[in-house]
Amino acid sequence: MGGGGQQTDRIAGTNGRFGTYTWEEVQKHTKSGDQWIVVERKVYNVSQWVKRHPGGLRIIGHYAGEDATDAFHAFHPNIQLVRKYMKPLLIGELEASEPSQDRQKNGALVEDFRALRERLEAEGCFKTQPLFFILHLGHILLLEAIALMLLWYFGTGWINTAIVSVILATAQAGWLQHDFGHLSVFKNSRWDHLLHKFVIGHLKGASAGWWNHRHFQHHAKPNIFKKDPDVNMLNAFVVGNVQPVEYGVKKIKTLPYNHQHKYFFFIGPPLLIPVYFQFQIIQNMITHGLWVVGYHDCFDSYHVYAAECDFTALSLLFPTMPRHNYWRAAPRVRALCDKYGVKYQEKGLYEAFVDIVRSLEKSGELWLDAYLNK
């Protein structure tokens with residue numbers, strides 16, 4: 001075995017070998033067709049499994065050569081069932097002298113976070129209050145019905161259309177489909193998948209498969225460029241501190257990025273859902289044959305964009321935790337952040353939009369400086 005691994009007489013599933021490995025050896029297997037991951041110090045060869053992975057090949061591929069323990073627990077409600085599928089993929093474990101975490105992660109912080117998750121589970125924070133979701137879905141269906149009745153009786157005149165648009169925007173089902181998509185409502189995930197398809201497909205006119213493909217990657221690698229599709233700006237914007245400089249040095253000028261904080265409100269939220277997302281949804285349906293019937297409310301754009309900015313990190317940390325229990329977990333997460341000097345922020349709608357504009361302006365200035373001077 002490479003990397004100091006020691007051959008043993010144990011055989012692990014279809015891979016036909018079981019050894020001990022260093023992180024140096026594990027991190028060599030990161031390319032398509034040759035991918036290893038580590039879960040709970042056990043090493044798995046997922047090179048072929050990625051194509052059959054229910055969450056998609058990208059999300060598991062993003063962890064190639066890395067420790068995927070926390071993501072494993074975050075994304076799989078039924079851990080014991082998943083472990084059965086993992087047995088044939090097991091090829092070994094980390095050497096005893098190797099740390100459990102990779103890439104110089106803070107081991108104490110990781111262990112404290114895992115202990116926090118266990119305490120929250122023991123306190124029932126991952127248990128659902130059915131009435132919360134029943135009322136949520138009920139009021140959306142009621143508003144949808146009212147909107148359809150208004151169109152039926154009064155037609156599509158300008159005034160009635162404006163009223164219906166406001167009602168549909170108020171009915172905003174984005175976070176409800178988010179709950180079902182996160183498998184955070186039912187004990188049996190099949191019901192979550194079914195309701196997710198109904199809400200996002202028949203109430204919002206989008207694709208559950210498309211959303212899962214994008215959103216799971218977002219949770220796996222939040223805000224990591226080229227891995228989180230939510231920060232893929234399609235050359236319309238440059239974000240952060242690295243991408244603007246890279247684009248400037250390469251003289252990429254698809255748009256005048258030094259003015260992106262000004263044109264954000266014209267091509268950002270207004271085009272996000274009715275244009276860009278619709279194009280991706282149609283492309284996904286054609287590619288995979290996943291047809292849906294419904295409409296997509298363009299007025300959702302600003303609601304989703306703003307709510308994303310104001311939504312706390314709790315959804316990222318505990319994707320299967322029911323939304324109504326976030327308030328119970330928030331003080332614990334804040335205390336953990338304070339202990340390790342991690343910045344914890346909660347922002348209102350106005351503050352979030354101000355921060356977006358300022359961040360875009362700063363990134364635009366970095367791009368212009370690199371474009372002109374480097």
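**Aromatic contacts in a predicted model**

Me: Which lysine lies over the face of tyrosine 63?
Reply: A charge counts as over a ring if NZ of Lys or CZ of Arg is within 6 Å of the ring centre and within 35 degrees of the ring normal. At 4.3 Å from the ring centre of tyrosine 63 sits lysine 221. This is a predicted model, where local features need pLDDT of at least 70, side-chain atom pairs count only at pLDDT 80 or more, and totals for chains, interfaces and linings use all residues. Residues are numbered from 1 along each chain as its sequence is written, and side-chain values use heavy atoms, with hydrogens and water left out. The residue over tyrosine 63 is lysine 221.

Me: How many aromatic pairs does the structure hold?
Reply: Rings of Phe, Tyr and Trp (its six-membered ring) pair if their centres lie within 6.5 Å; planes under 30 degrees apart count as stacked, over 60 as edge-to-face and the rest as tilted. By that rule the number of aromatic pairs is 15.

Me: Why is the pair of phenylalanine 126 and phenylalanine 318 edge-to-face?
Reply: The ring centres of phenylalanine 126 and phenylalanine 318 are 6.1 Å apart. The pair is edge-to-face because the planes stand at 90 degrees.

Me: Are phenylalanine 126 and phenylalanine 318 buried or exposed?
Reply: Buried means under 20% relative accessible area, exposed over 50%, partly exposed in between (1.4 Å probe, protein chains only). Phenylalanine 126 and phenylalanine 318 are both buried.

Me: Which residue lies over the face of tyrosine 371?
Reply: Here the distance to the ring centre is 5.4 Å. The residue over tyrosine 371 is lysine 251.
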